[in-house]
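I opened this notebook to keep track of what I looked up, one topic at a time. Each entry begins with what I wanted to find.

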Amino acid sequence: MTDIRVKQGGTTPLEPSAASRSARQSIADRPRYDCRNAYVETLAELAHENHRIVGVVNDSVGSSKLDAFKRAFPDRLINVGIAEQDMVGVATGLANGGRIAFVSAASCFLTARALEQIKADVAYSNRNVKLCGMSPGMAYGELGPTHHSIEDIAWLRAIDNMTIVVPADPIETAAAMRWAAAVEGPVFIRVSRMSVPEVYPEDYAFVPGRAVTLRDGDDVTLISNGTVLWRTLVAAEQLADDGISARVISMPTVKPLDTEAVVRAARETRGIVTAEEATVGGALGGAVAETVVQNHPTKMRILGVPEFAPTGSAGFLLDRYGMSPEGIAAAARKLIT
Amino acid sequence: MQKTSDAAELAAIAKRMRGTAIQMITEAGSGHPGGSLSAADIVVTLFFDVMRHDPENPHWPDRDRFILSKGHIAGALYVTLAAYGFIPVEDLATFLKPLSKLNGHPNRNYVRGVEANTGPLGHGLPIAVGHALSAKLDVSQRRTYVLVGDGELQEGSNWEAMMAGSQYELDRLTVIVDRNRLQQGATVRETNDLEPLDQKAAAFGFAVVEVNGHDHGELLDVLSAVPYRPGKPTFVIAHTHKGHPISFMSNNTAWHHKVPTAEQLELALDELKAGAA
C-alpha cells in the first residue's frame, strides 16, 4: 500500500513506501512502458464516456497509435492530413461547436508549425482544446534535430493561459488526460514514446500545479519530470549509497509551477538540480530558476539539451547530456561539494 | 433589432454602420477604414438577414456562426454587433481606449457575439472548418460563415483548411472573400496574385459564386442559398471596393489603416448623407 499524504504547502509525498520499495528493487529494474499506450487507452475510455470527445490528427494516426480509436469512433477521429495550422484551427472550431478536441501530433510539428494557432486560437481565445505532444523531447533521437522536440515546453510556457503537463509514466499520462478532459480550457500534455518504468502507484491522483515529493532528503534536491524522472530516482539511490540525502521532486506541471515546493527545496537543501528531456533554456529548469532567483537564491544546475543534438537514440542522447542516473548524481555531488 | 430581407433597408443599415465606423476610427485615432467599408455590406447582410442567432442568447448551441477572419476590421464588426443588440451601443465610444473590451481585433471572451479571437491572418478559415465539422457531427443544420480578405488568402493555412472542408464535404460552410483587390501597401495582383481565384477555389472542391459585394439583393440571394451545391462548401467571391463608397477612400490603398482628419470625417459623413451607396 502506498501512503499518500498532503504535506504542508501542498506537495504529496509518497514516502516512505516508494523508498522502501526502491530499497528492495531499483526503479531501473522495473518493466518499461510506452506512455502512448496509456494515452490511447485513456482516450478511448474518455470517448466512450463522453460523446463530446474527438481526436484531431495531422495524418499521425499510426504514430499516435490511434488505429483502434479510429475503428471504434470513425467519425470522431478528424484527420486533416499533413497540415498542422489547420489541425489546431479545426480543433478550435470543434470546441466552438461544443466538442472537446484532443489534438494528437508529434510534438515537434504540433508546437512549432502551429504555434500561432496555439497562441491565438487556443490560449488567447480560451478554447477547450487539449494539445497532446506525442513523442516529444529526444524520442525521435536518430531522426535528428528537425524531429527532436526540445523547445516545445519553453515555447508554450511563454504563452499565457496554457497549462503544461509532462507526465512521467503511464499512470500519470492517463491521470493527466482524465483531468484535462474534465477541465474547461487549454492544456498541453506531453506523451512520451521512450519507455519508462512506473514511478507512481496505481491510485496516484494527478493534481495540476502540484509537485510530488517522491523521496525526501535534505542535502540536495533533484527536480524532474517526464522520461527523466525515473533516472533522478536512480540517481538519488546512488547518492544515498554515498551518504548524500537527495530529495526527489516530481514536477509534472511545468505551468503553473508549484513554486512553494521549489522555494522550500531551495531553503531546506543545499542546491537544486533540474533534469528534463528539453532545452536547458526556458523549460522546467528555467521555470525553477526563475522561482529560485526571485525567492530564495541558491546553487542550481540545469540539465537538459543545450544544442542541436547529434545522431543517436534518445537514451544515448540523454546520457550524453548528463542525464544518465550517474550523470545526474555527479551533477548533484558537484553542486554541493 | 429586427431581421429584414429588404435590400433597400439593408443598404440603409449599412450606410449607418459605415458612418459610425468612420466616426469611431477617427475618434480612436486608429483603425482600418478601407477594409471596414469594403466588408460592411457583407457583414450587415449576414447579421440582419441571413444568420440565425439571438443576441439575447449568444451561446445558443445551434446558432449560425460568423467568423471574422480579417480581424483587423473589428470596428465594423463592433458597430454591427451593437446595432444588432449583442453589445451596448455606448461601448462603441470605448473603441481602442485604454482597457476597453473593444480591442483592435475581436476577443470572444469579452465581446458578445464574437466567435473567434482573430487578428493574425489565415486563422478564421480553419476555425470555420472545425465548427462546420462539429455541426456535421451533431447532425445540425447550423451554418458557418467566414469572412476572409483577399490578400489574406496568401496565407497557406487557408488552403490547408479548404482541402479539409472539401474532404469532409462541409456544404454548410461558406467562405466569403472580401475581394477588394488591395492589401496593405499595394494591389493583391502586384504583391502575390490570386488569380484565377475562382478556378483555384473550384479546384479545391468548392462551389464558387461571384457577387457584387455591395449589392444587398445579390448577397442575400447567394448567402441564403447555402448549400449552393450539395456536398460542397461554398466560396463566395464578393467583389468590393476598399473604402466604398467614400470618393476619396474608395479603391485607394492609402486608406488601409489611415485615420481621417476631422475635415475628412465631415466630408465622408456628408457623402454618406448625400446618398452615395
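Before reading any strand partners, I noted that two strands pair if DSSP finds at least two bridges between them. I also noted that this is a predicted model.

**Entry 1: strand 2 of chain A**

Which residue in strand 4 of chain A is the bridge partner of V57(A)? I found that S104(A) in strand 4 of chain A is the bridge partner of V57(A), and that strand 2 and strand 4 (residues 100-106) of chain A pair in the parallel sense over 5 bridges. I then looked at strand 3 (residues 77-79) of chain A, which pairs with strand 2 of chain A, again in the parallel sense, over 3 bridges. In strand 3 of chain A, the residue opposite V57(A) is N79(A).

I next asked how strand 2 (residues 53-57) of chain A is covered, and I counted 5 of its 5 residues as buried. I reminded myself that side chains in a regular strand alternate between the two faces of the sheet. On one side of strand 2 of chain A I listed I53(A), G55(A) and V57(A), on the other V54(A) and V56(A), and all of them are buried. Finally, I followed the chain from strand 2 through helix 3 (residues 67-72) to strand 3 of chain A, and these elements make a right-handed β-α-β unit.

**Entry 2: strand 7 of chain A**

Why is strand 7 of chain A described as largely enclosed by the rest of the structure? I found that 5 of the 5 residues of strand 7 (residues 187-191) of chain A are buried, so the description of this strand as largely enclosed follows from that count. V187(A), I189(A) and V191(A) point one way from strand 7 of chain A, while F188(A) and R190(A) point the other way, and all are buried.

I then looked for the strands that pair with strand 7 of chain A. Strand 5 (residues 129-134) of chain A pairs with strand 7 of chain A in the parallel sense over 5 bridges, and here C132(A) has I189(A) as its bridge partner. Strand 6 (residues 163-165) of chain A also pairs with strand 7 of chain A in the parallel sense, over 3 bridges, with I164(A) opposite F188(A). I traced strand 6, helix 8 (residues 170-182) and strand 7 of chain A as a right-handed β-α-β unit.

**Entry 3: the sheet of chain B**

In what order do the strands of the open sheet of chain B lie? I read the order of its 5 strands as 1-2-3-5-4, with parallel pairing. Strand 1 (65-68) and strand 4 (207-212) of chain B are the edge strands, each pairing on one side only, and the twist averages 20° from one strand to the next.

Within the sheet, I looked up strand 3 (residues 173-179) and strand 5 (residues 234-239) of chain B, which run parallel and are joined by 6 bridges; V177(B) stands opposite I237(B) there. Helix 8 (residues 216-224) of chain B packs on the sheet and touches strand 3, strand 4 and strand 5 of chain B. I noted that the direction of helix 8 of chain B makes about 160° with that of strand 4 of chain B.

**Entry 4: where the chains touch**

How many residues does each chain give to the contact? I found 24 residues from chain A and 26 residues from chain B. On the side of chain A that touches chain B, helix 4 (84-96) and helix 6 (115-124) of chain A are the elements that give two or more residues, and the largest share, 9 residues, comes from helix 4 of chain A. By class, I recorded 8 nonpolar, 11 polar and 5 charged residues on this side of chain A.

Conventions. Residues numbered from 1 in each chain as written. Chains lettered and ligands numbered in written order. Predicted model: local features only at pLDDT ≥ 70, side-chain atom pairs only at ≥ 80, totals over all residues. Contact = placed C-beta atoms within 7 Å. Helix = DSSP H or I, 4+ residues; strand = E, 2+ residues; numbered from the N terminus. Nonpolar A, V, L, I, M, F, W, Y, C, P; charged D, E, K, R; others polar. Buried ≥ 20, exposed ≤ 12 C-beta atoms within 10 Å, placed from the backbone. Right-handed = clockwise from strand over helix to strand, strands pointing away. Axes fitted to C-alpha atoms, helices over the stretch in contact; angles between N-to-C directions.
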